[in-house]
Structure formats: C-alpha cells, structure tokens
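Let's walk through this fold together, one question at a time. Have the viewer open and follow along.

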Amino acid sequence: MRRTDKENRRPSLGLFIWKGAIAIISVILFCAAVYTSAYFLFMWFYDYRGLRWNDYYVHLAVWGLGVLLFVITALLINFITRPKQMIVWNEMLIAFRKIAKGDFSVIVDQEGKFRNHSQLGEFVDSINEMTQELKQVEQLRQQFISNVSHEIQSPLTSIRGFASMLQQDGLTREEQQHYLSIIEKETIRLSGLSDNLMKLTSLESDHVQWDMAPFSLDKQLTEIVLASEPQWLEKEQDIELELAEVIMHGNAELLSQVWLNLLHNAIKFTPPHGRITIQSVKNEGEITVRISDTGIGIPREDQARIFERFYKGDKQRTRTIEGNGLGLSIVKRIVELHQGSIQVESVPGEGTTLDVTLPLQPLLPGKSVI
C-alpha cells in the first residue's frame, strides 16, 4: 500500500523514544542548573549577611529560591519566544478566515520560518496540507459542474433548435418525423445522463447497504451476451465465449451493469465484422474476466484517464459515438465495491483488452454488498 506524505513523516518508535529521553534529560539538567544556581546564590547571600539559620530552614530557602528562579526563567523564555508564536498564530487565524470564505490558496508560513520547530512546524504543515486538499476538491467540484453543464447543454440546444424548426410551415411528413426522432434521441440521452449520475451518487454513498448473494458468473455473462445480440448482429460482429464455471459471492445486479457497459463499449468501438472475445479464468480465490475486441483502440495517453468522469478521450475519434463518459466510472466504482481491480491494455488500430479481477468471496466490513 502506498503511504501518504504525512505517514512517511511520522517518526518511528525508536526515534520517539530517543527524543523522549533527550527531553527528560534536558528537563533534569535544567532543574539541576536552576537548583545549583539557587544554592550558590543563597549561600552567597547567607555568608554575606552572616546568617545563622537551622539547616532545615536553609534547605527550605534554597528550594524556595530554586522554584522562584525556575518560574522566572520559564517566564523569560516564554516572553522571548511568544512574539514568534503570536506571528504564526495570527497567520493561522487569517488563513482560517480565508478558508471559511472559500479561499483555499492560502499558505501559512510561506517563508519556512517555523520548519525547525517540530510541533509548531508539523501543525503549520498540516494546515497547508488541508488547504491543498480542499483546493483540489474545489477544483474537482468546479470541473464536475462544468462537465455536467456541458453534457446537459448540448442535447438541450438540439431539442430547442429542432422544436423551433417543427413550428415552420410547409414541412413534409418525413421532415417532421426526422426532427421528432432527433428530439426523442436527445431526450433519451438526457435521461441516460440523469440515470448515470444517480447511479454514481448511490454507489459513492457510505449510507447505502448492498446485498450479497452467490450466483453463477458464467451464466450471467452468457445472458449479457444474448441480451446484446441485436447490437452485435447489426454490425455482423463475432462473439467468442471461453467461460469457466464458477459461483461467486457478490451483487449480481451491479456486476451485470459492469459486463453490460464493457460489452456495449466493445461493440460500439469495434467496426463491422470485428471480433469480441469474453474469457473468464479462475485462480486461487479470485476470477478474472477478460473482454477483448478488435476495435479502434485507445491512445496510450488516454488509457490512464478512461475511468475519470466525463472523460471521452480523443474527441475527433469519438465525436460520432454516443455516450456521456460516465459508464467506465460506474464500472470502476462497482469493481472497487467488490474489492476487485480493472486493468486496460490497448493498441490504437488493433483493439482493447479489459481485465476485471474479482475475489470469489469479497470481505466488505460494515456493509453487505450486492
């Protein structure tokens, strides 16, 4: 597992013990120095004044003077260091006020004056890390809103344009049917976008409980292929199945969505007379489903981003293909809910292979996943 920067900076047990020992020794030496100073100072005063006290009162006076010197020294140290602390506290208060107003570009102690102060420096670093993470979240939120607005605006513009054209006089029956079919197509596209957004919201919610049950994976894959028969027959594509018989534990409905999305993508991006292969290989405690096609492929620079929301890759290559860029995001989330993984391999012009690896018995603490 990859450790975060904060975890990497966390001191080891040996370093913690070493620092603790140094701190204890420093306190002991400081107290000894204060007591010694108090002793010599009092004895000088004792001899100077020619006092003749009982030993008990002498020791009591030395201890009292030591405590007084300790308090005075602590106050002096605090007085010397307090201005620096006040500077950083004022910076943090200003930063918190800006963060509360939505400004996540603030950086506390930008000059690094407090990096050598272990506790104060760690606190400042934590605040800066928090603001950076909030800034990234805000950027993702703005990008998400921009993407949703774009996806909604495009079909709405088409619907408005063709609805306006339908109001013109002298249209033939064929022209009316053509415009109405486009309007229907765009409304279906809007409905699909809404459904996918609701699915993503539901899948990412921590409050949703998913039921788990055993089911036949090879039977499910066969049914998905048969249900998609009109699509791949229309393009005269060949479908090859090499499925291992396996019973797995999971959410059959959600996993059905995974295979349906991946198969429809393979059909969509594979030209007529192409070939699509679906294989499943059972390993120890897990199953790998491989869906390969002889389609247009995915450029290397796009392969790492195809699971991002609304990402469609090369617009020149996909502009004639329907979709809203949410299908693979849903697929990845469902696979993650089942503690699985998905990998992509593709060569432009030759085809794409997607490997989905799932545990046969996923352990999902705190919730039942379908």
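This is a predicted model: local features need pLDDT of at least 70, side-chain atom pairs count only at pLDDT 80 or more; totals for chains, interfaces and linings use all residues.

**Sheet, hairpin and core**

Q: Which residue in the turn of the β6 and β7 hairpin has a positive phi?
A: The hairpin leaves 3 residues between its two strands.

Q: Which are the edge strands of the open sheet?
A: The sheet has 5 strands with mixed pairing, in the order β2-β4-β5-β7-β6. An edge strand pairs on one side only. That leaves β2 (238-242) and β6.

Q: Which residues make up the covered face of β6?
A: In a regular strand the side chains alternate between the two faces of the sheet. Here S341, Q343, E345 and V347 form the uncovered face of β6. The covered face holds I342, V344 and S346.

Q: Which element gives the most residues to the largest nonpolar core?
A: The core has 38 residues, and W259 is among those that touch the most other members. Several elements supply at least two residues each, including α6 (217-227), α8 (252-269) and β5 (286-293). α8 also packs on the sheet, touching β4, β5 and β7. With 8 residues, the element that gives the most to this core is α8.

Technical notes: Residues are numbered from 1 along each chain as its sequence is written. Side-chain values use heavy atoms; hydrogens and water are left out. A nonpolar core is a set of buried Ala, Val, Leu, Ile, Met, Phe, Trp, Tyr and Cys residues joined through side-chain atoms within 4.5 Å. Buried means under 20% relative accessible area, exposed over 50%, partly exposed in between (1.4 Å probe, protein chains only). Helices (H or I, at least four residues) and strands (E, at least two) are DSSP runs, numbered from the N terminus. Two strands pair if DSSP finds at least two bridges between them. Contact means heavy atoms within 4.5 Å. Axes are lines fitted to C-alpha atoms, for helices over the stretch in contact, and angles run from 0 to 180 degrees between N-to-C directions.
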